[in-house]
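The entries below follow the order in which I looked things up.

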Amino acid sequence: MTNNNMIFIANWKMNGEKNHISGVNKTIKFLKKSKNKKNQIIYCPPFTLISSIKNKVKNSIIKVGAQNLSQLNDYGAFTGSINSKLIKSAGGEYVIVGHSEVRNQENDILINKKIHSALKEKLKVILCIGETYKEKKNNKTLSVLKRQITIALKNIKKINNIIFAYEPRWAIGTGKIPKTSELRKNFEDINNIINKLKKNQKYKIIYGGSVNSKNVLELKKINDLKGFLIGSASLSAKNFIDIIKKSTN
Ligand code: PEP
């Protein structure tokens with residue numbers, strides 16, 4: 001695969017006190033020196049750090065996103081909720097939707113509403129899809145992916161602002177990754193599902209689930225894999241930079 005325009009998304013989950021953002025300086029420095037200017041680097045910190053990180057990265061290629069959003073577009077009496085308008089006003093340009101850690105409380109229809117809401121405010125969507133271990137063992141991966149993608153894209157005309165993140169739920173935070181053959185098949189299936197639903201449209205598929213600087217070389221053997229969604233390894237600037245370095249040349 002060509003390795004010069006990949007996407008690297010740091011999902012900090014519920015981590016990151018204010019002083020943690022100093023690590024972003026290391027990534028900025030690394031990117032300034034790097035000859036490769038085509039990669040896309042996106043930080044998704046907790047809501048509380050979006051505007052501080054945005055401020056820090058304003059002169060670099062780094063973009064910032066949120067980890068979730070409310071499906072409601074209008075402001076109102078919804079204590080504790082954050083919608084696409086608020087994410088945008090804090091400096092977010094991306095939002096993760098349907099992450100495995102929130103899919104337990106969300107169904108496919110709600111995820112579809114969230115995508116509509118994000119795209120309406122011109123946020124780019126990082127749509128997470130993937131099967132549980134039980135679904136994988138019961139040979140349900142294809143049907144799960146079909147259901148998740150079909151419902152997520154209902155009444156969405158253009159998918160150019162959606163990044164598809166294939167994240168097997170059993171691989172998140174477990175240190176396990178799929179076999180290359182399994183990953184290749186699932187990427188093929190995802191491509192087929194999307195192409196059938198949205199003919200002749202451009203989109204990208206990335207992988208997430210226990211990515212680190214040791215397994216990234218194995219993972220990037222997949223032809224259509226255009227980047228990584230990185231959880232725990234992205235909390236260390238060194239590890240995050242190592243993954244970028246190893247994936248691109
Ligand atoms: C994630 O949060 O999307 C993720 C893939 O986490 P981890 O890399 O820790 O498995």
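Which residue in E4 is the bridge partner of Gly65? I looked it up: the partner is Tyr94.

**Ground rules.** I note that this is a predicted model, in which local features need pLDDT of at least 70, side-chain atom pairs count only at pLDDT 80 or more, and totals for chains, interfaces and linings use all residues. Residues are numbered from 1 along each chain as its sequence is written, and side-chain values use heavy atoms, with hydrogens and water left out. Helices (H or I, at least four residues) and strands (E, at least two) are DSSP runs numbered from the N terminus.

**Barrel.** I traced a closed barrel of 8 strands in the order E1-E2-E3-E4-E5-E6-E7-E8, with parallel pairing. Strands pair if DSSP finds at least two bridges between them. From one strand to the next the twist averages 25 degrees. I then went through some of the pairs. Strand E3 (residues 63-66) and strand E4 (residues 94-97) run parallel and are joined by 2 bridges. E4 and E5 are also parallel, over 4 bridges, and here Tyr94 has Lys124 in E5 as its bridge partner.

**Strand E5.** I checked burial next, where buried means under 20% relative accessible area, exposed over 50% and partly exposed in between (1.4 Å probe, protein chains only). Of the 6 residues of E5, 5 are buried, so the strand is largely enclosed by the rest of the structure. For directions I used axes fitted to C-alpha atoms, for helices over the stretch in contact, with angles from 0 to 180 degrees between N-to-C directions. Contact means heavy atoms within 4.5 Å. Helix H7 (residues 141-152) lies across E5 and E6 and runs at about 155 degrees to E5.

**H7 and H8.** The axes of H7 and helix H8 (residues 180-197) come within 10 Å and cross at roughly 35 degrees. I listed the residues that meet: Thr141, Leu142, Leu145, Lys146, Ile149 and Thr150 from H7, and Asn186, Asp189, Ile190, Ile193, Ile194 and Leu197 from H8. By class this contact has 7 nonpolar, 3 polar and 2 charged residues. Ala, Val, Leu, Ile, Met, Phe, Trp, Tyr, Cys and Pro count as nonpolar, Asp, Glu, Lys and Arg as charged, and the others, Gly among them, as polar.

**H1 and H10.** Helix H1 (residues 22-33) and helix H10 (residues 237-247) have axes that come within 9 Å and cross at roughly 25 degrees. The two helices are therefore roughly parallel to each other; angles under 35 degrees count as such, over 145 as roughly antiparallel, 65 to 115 as roughly perpendicular and the rest as oblique. On the H1 side I found Gly23, Lys26, Thr27 and Phe30, meeting Ala237, Phe240, Ile241, Ile244 and Lys245 of H10. The residues of this contact divide into 5 nonpolar, 2 polar and 2 charged.

**Burial in H10.** Buried residues of H10 include Phe240, Asp242 and Ser247. Their cover includes strand E1 (7-11), H1, strand E2 (40-44), helix H9 (216-219) and strand E8 (225-230).

**Ala237.** Is Ala237 buried or exposed? Ala237 is buried, with a relative accessible area of 11%. Not counting residues up to four places away in sequence, Ala237 touches Gly23, Lys26 and Thr27. I also took one C-alpha separation: Ala237 and Gly76, 161 residues apart along the chain, are separated by 37 Å.
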